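User: I'd like to go through this model with you. Can we take it a topic at a time?

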Amino acid sequence: DLEGLRAALADAELIAFDSETDSLDPLRANLVGLSFAVKPKQGWYLPIAHRYPGVPDQLSLARVQAVLGPLLAAEQPRKLAQHGKYDLHVLARHGLPVGGYREDSMLESYVFDSAALNHNMDAMAKLYLGYETIKYEDVAGKGKKQISFADVMLEQAVAYAAEDADITLRLHRALRPRIAAIPELEK
């Protein structure tokens, strides 16, 4: 399956990606999994470091580095993320540097409408796509009961993480033409 994913990503013009971690600090976060999308309403999630009791076998980071590392490091296909600065730091720290990073849906939202109150994925999906996303709290809880993403069951993690990559791609496809239609924004 990992080789099939690699082939699908290699054939794409643009790869939307997202990292799932156990911390908001990119300098300390451990990589828990990676998600990808190349077509709307389709996404993949690669679990790497979920740790709850009875967790199914997962891919090793070394295997992901060997199979996907060269593709992620290459300038082509182009890469896209939502607030990619975080993901780029995390992935580089885990031996997965990203080349060809050209698009960021959060930055596109800011360029298109800097006065919008919020440029996070959930708010943007609702505003630009009319879509209600799975919230982090829906899979990890909140407050004192919130768990690390590493402790989220794979069934929930797959839906949440794959949606992140898919929505990133869909937001880019919604925002990029709007920006291109305003000559002052393309400068």
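User: At what angle do the axes of helix H1 and helix H2 cross?
Analyst: The axes of H1 (residues 2–10) and H2 (residues 61–73) cross at roughly 10° and come within 10 Å. Axes are lines fitted to C-alpha atoms, for helices over the stretch in contact, with angles from 0 to 180 degrees between N-to-C directions. Helices (H or I, at least four residues) and strands (E, at least two) are DSSP runs numbered from the N terminus.

User: What do you call that arrangement of H1 and H2?
Analyst: H1 and H2 are roughly parallel to each other, a label for angles under 35 degrees.

User: Which residues make the contact?
Analyst: On H1 they are Leu2, Glu3, Leu5, Arg6, Leu9 and Ala10, and on H2 they are Arg63, Val67, Leu68 and Leu71. Contact means heavy atoms within 4.5 Å. By class there are seven nonpolar, three charged and no polar residues. Ala, Val, Leu, Ile, Met, Phe, Trp, Tyr, Cys and Pro count as nonpolar, Asp, Glu, Lys and Arg as charged, and the others, Gly among them, as polar.

User: Where do these values come from?
Analyst: This is a predicted model, where local features need pLDDT of at least 70 and side-chain atom pairs pLDDT 80 or more, while totals for chains, interfaces and linings use all residues. Residues are numbered from 1 along each chain as its sequence is written, and side-chain values use heavy atoms, leaving out hydrogens and water.

User: New topic. How many aromatic pairs are there?
Analyst: The count is six. Rings of Phe, Tyr and Trp (its six-membered ring) pair if their centres lie within 6.5 Å; planes under 30 degrees apart are stacked, over 60 edge-to-face, and the rest tilted. One of the pairs is Phe17 with Tyr101, which is edge-to-face, with 6.2 Å centre to centre and 70° between the planes.

User: Where do Phe17 and Tyr101 lie?
Analyst: Phe17 is in strand E1 and Tyr101 in strand E5 (residues 101–104), so the pair ties together parts 84 residues apart in sequence.

User: And which residues does a cis peptide bond join?
Analyst: It joins Gln76 and Pro77, with omega about -5°. Pro77 lies in the loop between H2 and strand E4 (78–81).

User: What about Lys41, what is its phi?
Analyst: Phi of Lys41 is near 65°, a positive value in a residue other than glycine. Lys41 sits in the loop between strand E2 (31–37) and strand E3 (44–47).

Note on methods:
Angles under 35 degrees count as roughly parallel, over 145 as roughly antiparallel, 65 to 115 as roughly perpendicular and the rest as oblique.
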